[in-house]
Amino acid sequence: MTSKQTPVDCFSSSPLGLYVHVPFCATTCDFCAFVQSKPNRKQINRYLSALKSEARHCKTLTKKTVHTVFWGGGTPSILLPDDLRTLGGIVHEYWDLGDCQEWTVEVAPASVTPSKLKGLKSLGVTRISMGVQSFDPATLEEMGRLHSVNQIHRAYDWIQSEGFEQVNLDLIIAFPGQNEDHLLKDLEHALALKPDHLSTYCLTFEEDTQLYAKLQKGEYKIDPEKEADLYTSVWNYLEKQGYSQYEVSNFAKPGCQSIHNLNTWKMHEWIGLGPSASSQFGGKRWTQNPDFEKWEQGIAKAQPTCIDESTLTIEDLANDILIFGLRTIEGVSLKDLGQRTGMDLGAYLPVLNQLVEEELADWHGDTIRLNLNGRLKADAIGVEILSVEA
Ligand code: SF4
């Protein structure tokens, strides 16, 4: 597979996303492996100051306008209203948001307040994503989450009153002990709130989490067959309720898909600010240092201490467009992929045709799409695609 094009050529008309990582949480959930810690006033001030310098530096990378903004974490809503205003001021100061189509902020039910939401709305935030995880009190406690079901309802009412364009709820499925009845009850509860979008993440046991320690001690067991059954129940149920699956873990009412996430899965460009934030820009990929002190010191010296810095090859890009594209319901048009990368894609055909033979995918003209069975094996299919010799 050879191409005269470079990844930089492929990105020339790509929309740009801006991700801001807020590395603070009130406490650590048992399943969490994200970079976060409990903050104090001094640390929040240091974060905002370093983030401003980082934004100033990153702005020099491009004249592109920002199409989507996403504040994730951590828990952005743990910041006080004044801090949120400062963070929003940094985004507005250094980036042109004239073409911005979507601005998402992740919030937690226990830390969001009406005044924080009002402030976010006035900054131009369009989409709130709330980490509910479950409506079952026992499951919430088991996960080490700090909020109650009442707090979820209270927060949701506040979000609705503020009139954001879209609201997403995050749910976790296949938590140890969860059966189909529990899960469907959780979904019913979520849908009663009428969110525009639902993200349903299968629990993963990441190293260095409480949950992983329990797995190691034999307190939990992984049961892939049960997980597949639960996935299928969720997908069937949500589809019947008018939420279309547009990616393995994501469902939306018509017109409510997350533009930021779609642009990421399509392998467009994004710049990430804050400790541990990743970027894909100008034919390169890098991740900011996840260690707060090292991240801050690097920014202060105008020499960011990035990890995993790499120059993208056209083959890397094609692999990832296929891997992430196959996780979407739209699938991947080989014609479009060939045009975007300038590559002869023949080397992928044996793997893709094998997926069709194994009844995991179907061809629709030049587009390949995973079917239900294929989506259940999307992770393993990604690994197979990575093994294709470039
Ligand atoms: S709120 Fe989110 S980021 Fe914070 S500890 Fe829990 S799962 Fe991790």
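Colleague: Is Cys10 buried or exposed, and how should I read such a label?

Modeller: A residue is called buried under 20% relative accessible area, exposed over 50% and partly exposed in between, with a 1.4 Å probe and protein chains only. Cys10 is buried because its relative accessible area is 6%, while Cys306, at 23%, counts as partly exposed. Bear in mind that this is a predicted model, in which local features need pLDDT of at least 70 and side-chain atom pairs count only at pLDDT 80 or more, whereas totals for chains, interfaces and linings use all residues. Residues are numbered from 1 along each chain as its sequence is written, and side-chain values use heavy atoms, with hydrogens and water left out.

Colleague: What should I look for in backbone geometry?

Modeller: Most residues other than glycine have a negative phi, and most peptide bonds are trans. Here Ala174 has a positive phi of about 65° although it is not a glycine; Ala174 sits in the loop between β5 (166–173) and α7 (180–192), helices being DSSP runs of H or I with at least four residues and strands runs of E with at least two, numbered from the N terminus. Ala174 is buried, at 12% relative accessible area. Met267, also not a glycine, has a positive phi of about 60°, lies in the loop between α10 and β9 (269–273), and is buried at 4%. The peptide bond from Gly73 to Gly74 is cis, with omega near 20°, and Gly74 belongs to the loop between β2 (68–73) and α3 (81–94).

Colleague: What span should α12 have, and how many of its residues are buried?

Modeller: The expected span of a helix is 1.5 Å times one less than its number of residues. The 13 residues of α12 should therefore span 18 Å, which agrees with the 18 Å between its end C-alpha atoms. Of these 13 residues, 11 are buried, among them Ile314, Leu317, Ile321 and Leu326.

Colleague: Which residues lie around the ligand?

Modeller: A residue counts as near a molecule or strand if one of its heavy atoms lies within 4 Å of it. The residues around the ligand include Cys25, Cys29, Cys32, Gly74 and Arg145.
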